[in-house]
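Reader: I have a new model open on my screen. Can you walk me through it, starting with the overall build?

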Amino acid sequence: MKKIQSFILKISITLCLLIFLFGKTDLGALFVVARHADIPKMLLAFFLFIFLNFLVVLRWRLLLKGLGIPVSFARLVSSYMASLFFNLVLPGTVGGDVVRTMDIAGHTKTHSSGILATVILDRVAGFFGLFTVLACALVFGYGVLGEENIFLVALILLLIMVFCAGIMFSGRFFKAVFGFLPFVKFKDYLQKIHQATRSFKHKTGILAGAWCLSVIIQAGLSVLYYFFAQAIGLDMKFIYFLLFVPVITVFSVIPISLGGLGVRDAACVAIFTKAGVAAEKALWLSLSNFGFMLVLGVLGGVIYVFNLYRRRI
């Protein structure tokens, strides 16, 4: 019952945010922006989007190899694509993570705790990459914007990373956080996840590789938004995108809406309009990203249904 109520609440938040955004935006101007978008540049952006998702799968495969779990790249692509679909229809942006965890656990006949550990590491590596891009952008580009709130976002990110690193790699910190839990089975499951993540403590090469891929992915996401801007004739320095996109990404993972929809768009409009961008153009940037997510998500849903059918025959 609580899950249903939570789901309804998140749908309501998503709809309210979207209604508010579209109500505050000149829809006629938004349609003009969409109609005059440069198609070749949008296609270039789409190919970049596919490449970035390819790198995400590569990062996950690297982490699975670190636990000695061999899975073909094609199988991981299939599972990851299915997770993109479920990210669209389940609350927050982590619903798909549960799907790919159970899918690969069933495929490899491995305990789900080990697979989930790699998914968690995959997510945390993404945050480390995001922080790296944002920190570098702040060093070289703060003077361009002069917005102190971005430092607050960077600080929050840093604290989240320290907390996650403590849970994953420190036995003492893990016990301090979860030792009080009265649910024995749940605590045992968390302990198995912790043991799996802690095993990476001495696998610095794998962690460094995951971090490097994460930096490329997060920087590439800023390039993606830059291509969106170029497609509609929005001339802005690239440093703005290195500063803004990581902040938008942080807001999009807050689990209060469906797939980050509404929250991501509101953050994009709020941040880019501060830099003098028209609301309809700022909203276009976010909707373009969601449109690409939707295309891959629907394709992932088709792949998921096809695989279910194939396994039954």
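Author: With 313 residues, a compact globule would have a radius of gyration near 20 Å, and the chain agrees, at 20 Å. That radius is taken over C-alpha atoms, and the globule rule is 2.2 Å times the number of residues to the power 0.38. Note that this is a predicted model: local features need pLDDT of at least 70, side-chain atom pairs count only at pLDDT 80 or more, and totals for chains, interfaces and linings use all residues. Residues are numbered from 1 along each chain as its sequence is written, and side-chain values use heavy atoms, with hydrogens and water left out.

Reader: What does the C-alpha trace span along its principal axes?

Author: About 55 × 50 × 40 Å.

Reader: How many helices and strands are there?

Author: The chain has 13 helices and 0 strands. Both are DSSP runs, numbered from the N terminus: helices are H or I with at least four residues, strands are E with at least two.

Reader: What share of the residues is buried?

Author: Buried residues are 47% of the 313 in the chain. Buried means under 20% relative accessible area, exposed over 50%, and partly exposed in between (1.4 Å probe, protein chains only).

Reader: And what share of the contacts joins residues at least 24 apart?

Author: 73%, counted among contacts between residues at least 6 apart in sequence. A contact means heavy atoms within 4.5 Å.

Reader: Switching to charges. How many salt bridges does the structure hold?

Author: It holds 5 salt bridges. Each is a side-chain nitrogen of Lys or Arg within 4 Å of a carboxyl oxygen of Asp or Glu.

Reader: Which residue pairs with Arg59?

Author: Asp122 does, with the closest N and O atoms 2.6 Å apart. This pair links distant parts of the chain: Arg59 is in helix α3 (residues 39-66) and Asp122 in helix α6, 63 residues apart.

Reader: Are those two buried or exposed?

Author: Arg59 is buried, at 5% relative accessible area. Asp122 is buried too, at 2%.

Reader: What else does Asp122 meet in a salt bridge?

Author: Arg100, at 3.2 Å from N to O. Here the link runs from Asp122 in helix α6 to Arg100 in helix α5, and the two are 22 residues apart. Arg100 is buried, as is Asp122.

Reader: Where does Arg123 come in, and what is its partner?

Author: Arg123 forms a salt bridge with Asp97, 2.8 Å from N to O. Arg123 lies in helix α6 and Asp97 in helix α5, so this pair ties together parts 26 residues apart in sequence. Arg123 is partly exposed, at 28% relative accessibility. Asp97 is buried, at 8%.

Reader: Which residues do shared partners join into one network?

Author: Arg59, Asp97, Arg100, Asp122 and Arg123.

Reader: How many positive and negative side chains does the chain have?

Author: There are 28 positive and 11 negative side chains, and the centres of the two sets lie 16 Å apart. Lys and Arg count as positive and Asp and Glu as negative, while His and the chain ends are not counted. Each charge is placed at NZ of Lys, CZ of Arg, CG of Asp or CD of Glu.

Reader: One last thing. What is phi of Lys109, and where is that residue?

Author: Phi of Lys109 is near 55 degrees, a positive value in a residue other than glycine. Lys109 sits in the loop between α5 (95-108) and α6 (112-145).

Reader: Is Lys109 buried or exposed?

Author: Lys109 is exposed, at 75% relative accessible area.
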